[in-house]
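Here is a short briefing to read beside the sequence and the coordinates. Keep the viewer open while going through the points.

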Amino acid sequence: MPETMTSANAAAGGEAVAAGPPSGRRVGKLAIARLRDLALVPAIVLIAIVGQIINSVFLQPDNLINIAQTMSEIALLVLAQTIVLVAGKMDLSLESTFGLAPGVAAWLTVAVGAGHGTGLLSGAWSIPITLLVGALIGIANAALIVRFGLHGFIVTLGMLIVLRGLLTGISGGQTFFNLPESMMYLGTAVWLGVPASIWICLALFAAGIVLLGYTGFGRSLYAIGGNVDAAKAAGIRTDRVLWAALIIASVLAALGGLLLSGRLASVAASQGNGAIFTVFAAAVIGGVSLNGGKGTMFGAFTGILLLFMIQNVLTLAGVPAQWIGALNGAIILVALVVSRITGGKAHE
Amino acid sequence: MNGSGQSSPRSSPARNGDGRARSGPPVAEAIDISKRYGSTVALDQARISVLSGETHALVGRNGAGKSTLVSILTGLQAADAGQIRFAGADAPRLSDRDAWRQRVACVYQKSTIIPELTVAENLLLNRYDRGRSGLINWRALRQRARELLALWSVDVDVDSRAGDLSVEQRQFVEIARALSFGARFIVLDEPTAQLDAAAIARLFDHIRDLQQQGVTFLFISHHLQEIYEICDVVTVFRDARHIITAPVAGLPRNDLVAAMTGEAAALRAAPTRTAPAGPVEVVLEVSQLGMNGSYADVSFQVRSGEIVGLAGAGGSGRTAVAESVVGLRAPDTGTVTVGGHRPRPGDVSAALAAGVGFVPQDRHHQGLVPGMSIADNATLTIPDRLGRAGFLSAHRRDAVANRLIDDLAIKTPGPDLQVSGLSGGNQQKVVMARALANDPRVLVLVTPTAGVDVRSKEFLLNKVDEVADAGTGVLVASDELDDLRICDRVLVMFQGRIVAEMPTGWRDHDLVAAMEGLTVDA
């Protein structure tokens, strides 16, 4: 409402009353805020150099595409989680949605005889069903968290267990094979020499950067995560925004699961199991606060990229597979300490 | 504005008899407002009428109904009965937030900014500039924010993180935001509670400026001095009712206090303390204490039974010195000796063990755990007295708590009530109870009566007096004259050093001048 300013009867009143100590460093602060966004870039460059020294395969296009493709599915979970975290909530159930959504699609479309498929619907339905299941899970989460005011952590923890159980139930604990063609497409297609899932992942992150940085919806996520009362007072429909955030997150998780199922040409009963810890680690390393209102999509992206690059370097260095888990955990801890030092502030 | 203002006979300004000739209907008016919460009557036929351009004070003890009136007046909740009118017209529907924002705004004690976002975004939250693509145009937004702050003479960088602002800057930003919605009637809810003297002076300058520009203020404060300084008219609420509305100039202080308390109680008489005579044990000795960037070369002694004031404006180092004594900060040089022991610097539990009791600066932040009961809060410092080997005896805890509740006259149904359910004055008493729970030899108080109503304040200060008479040495770090009046002597700090020492009986003017760094020569 710019007109309220010009109509103010007071334009003449304006000798500057000093509001406290003069605020210098006008340029500095903004620049630092931007820099924080790039905090992980030096680490990524460093890992790239180390990787190249360890094994000259590292910077080969094939290897880079390999890294990008293996991370693309989990990266969608990070994208989804970042949206929810910025709004001051958390969604643990994303990892189960990641498995259950394509699982239900496979259950309904895979022909009878091959595993637990029912063959009720034709293969063309698989993608809509996947996304629909994602949306329904998001609605269920939002209803419990927003409508009934339950704590997001517990709700989504319960949901994580329920959804995992559902997938085990419909699949009989086994893996769905012989997926319909449409389910395989996104995970296997190659566009312009690069796997489609990489394109999709990059495009969605670009959209996420715009969404969080340049749209009213995105900014209301920050406002709600930062101070929900202030957001309400500013006229933001906080409940509606949270509903949307939770549903979008679940749909993104479903899409991520679809990409992975396509690439592996199967849906395992354990698909996504345990992924949520990597997701949280990536988001926090990337500067997203668990308390909400803080962090950027680009930062989250650098977080997951860094983790997958390190894993790749470890594999190339010939670290035995049995030890990768322990190292992964240690790396997450080290990365947190490093980002704490470079970020200068405590993770909240 | 939908100016279908049929002026009812009630809305005549003359009704309040404030004697000020102002034209037009009141900017804001509450008529016979009643509000109940369950069985509690929060407001009973309360009324207030604020005329254009005046600065109107609303005072009353905690629980008098001020907060309820503010939330009804700003459209956050509906009254059970009664009417709100703005400029003679009925108030908008509650759901129409925009319409309310154009009429009235409130700067609450609790910040309504979002700390992680920039000042610019906070100012224009949900009112973004958009480019042709529908995306937010940050450059235009920052520019608009800059113009807005310049228009209302607020010197704050729009690109800084809002969480980095001082309390004072934050308030200015919130006022500017309120004005930007078109509201010219602003409620300030205890704006000075967290400000030091210099910042209060700047705030008042700013208020006067805005008043010149036609902005009307409703000013809520516990500090009667401020009301006399800045307000034209004062309305007193007591026990959910309107008691009196009168021009400030024509209302003597004692009458104002009487209206608030319902008794013809005179303000606290001149202190009758007698400093402990003769050689008495030194319970606290601070020697050559220094901390980089905060204070330097601070030395003083507190004897048993003595109350020593540590005065100074915000940033003078008084709070830092007090916090160093109790171990919240570790000084770089010098020593603190408590009753012959030297607790390890920067170690609170060592200081407590040496016999220090502490009332911290901000009860919400350091003083209380809001979700815990009175009993738990009051005994937080003395778990070892409540049982053996780390186990706590609930029985013993409640016994201790009940003793403290009686001792400090905390108004509560029992020790199990959560402290968040208490009024500000009673919360502060719980903090005091905690400080006294370990029978300290040295009691350190930092702004012990901030944000506390008149009665509780008097009670707390009397308590301090009593504690000192029982032989405890007391150190009061504050810039509040009432806190310092109970002291046997006051050490004045300015820019990190002790610059003056004044025995009891000082004149307000001299002390304030010393705190502001002006040379005192009477």
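The points below cover confidence, chain A, and then the sheet, helices and domains of chain B.

This is a predicted model. The predictor gives the complex an ipTM of 0.77 and a pTM of 0.71. Chain A has 15 helices and two strands. Chain B is divided into domain 1 and domain 2, and it holds an open sheet of four strands.

**Confidence in chain B**
- Chain B has a mean pLDDT of 81. In this chain, 89% of residues reach 70 or more.

**Chain A**
- Chain A has 348 residues, and 45% of them count as buried.
- Take the contacts in chain A between residues at least 6 apart in sequence: 76% of these join residues at least 24 apart.

**Domains of chain B**
- The centres of the two domains of chain B, taken over C-alpha atoms, are separated by 34 Å.

**The sheet in chain B**
- The strand order is β2-β1-β4-β5 (chain B), and the pairing is antiparallel.
- Strands β2 (40-50) and β5 (89-90) of chain B stand at the edges. Each has a single partner strand, so one side of each is left without a neighbour in the sheet.
- Strand β4 (residues 81-86) of chain B is joined to β5(B) by two bridges. Here B:R85 stands opposite B:D90.
- Helix α1 (residues 66-73) of chain B packs on the sheet. This helix touches β1 (28-37), β2 and β4 of chain B. The direction of α1 makes about 120° with that of β1(B).
- Seven bridges join β1(B) to β2(B), which run antiparallel. One bridge pairs B:A28 with B:V50 in β2(B).
- Five bridges join β1(B) to β4(B), also antiparallel. B:S34 stands opposite B:A81 in β4(B).

**Helix α15 of chain B**
- Helix α15 (residues 454-469) of chain B has 16 residues. From first C-alpha to last, α15(B) reaches 23 Å, close to the 22 Å expected at 1.5 Å a residue.
- Buried residues in α15(B) include B:V454, B:K457, B:L460, B:L461, B:V464 and B:A468.
- An α-helix has 3.6 residues a turn, so residues three or four places apart point the same way.
- Just after α15(B), B:G471 takes a positive phi of about 110°.

**A look at B:L179**
- B:L179 lies in helix α5 (residues 167-180) of chain B.
- Why does B:L179 count as buried? It has 23 other C-beta atoms within 10 Å, and the cut-off for buried is 20 or more.
- Leaving aside neighbours within four places in sequence, B:L179 is in contact with B:W152 and B:V215.
- B:Q102 is 77 residues away from B:L179 along the chain, yet their C-alpha atoms are separated by 8.4 Å.

Note on methods. Residues numbered from 1 in each chain as written. Chains lettered and ligands numbered in written order. Predicted model: local features only at pLDDT ≥ 70, side-chain atom pairs only at ≥ 80, totals over all residues. Buried ≥ 20, exposed ≤ 12 C-beta atoms within 10 Å, placed from the backbone. Contact = placed C-beta atoms within 7 Å. Pairing = 2+ DSSP bridges. Axes fitted to C-alpha atoms, helices over the stretch in contact; angles between N-to-C directions. Expected span 1.5 Å × (residues − 1). pLDDT = per-residue confidence, 0-100. Domains from an automatic or database assignment.
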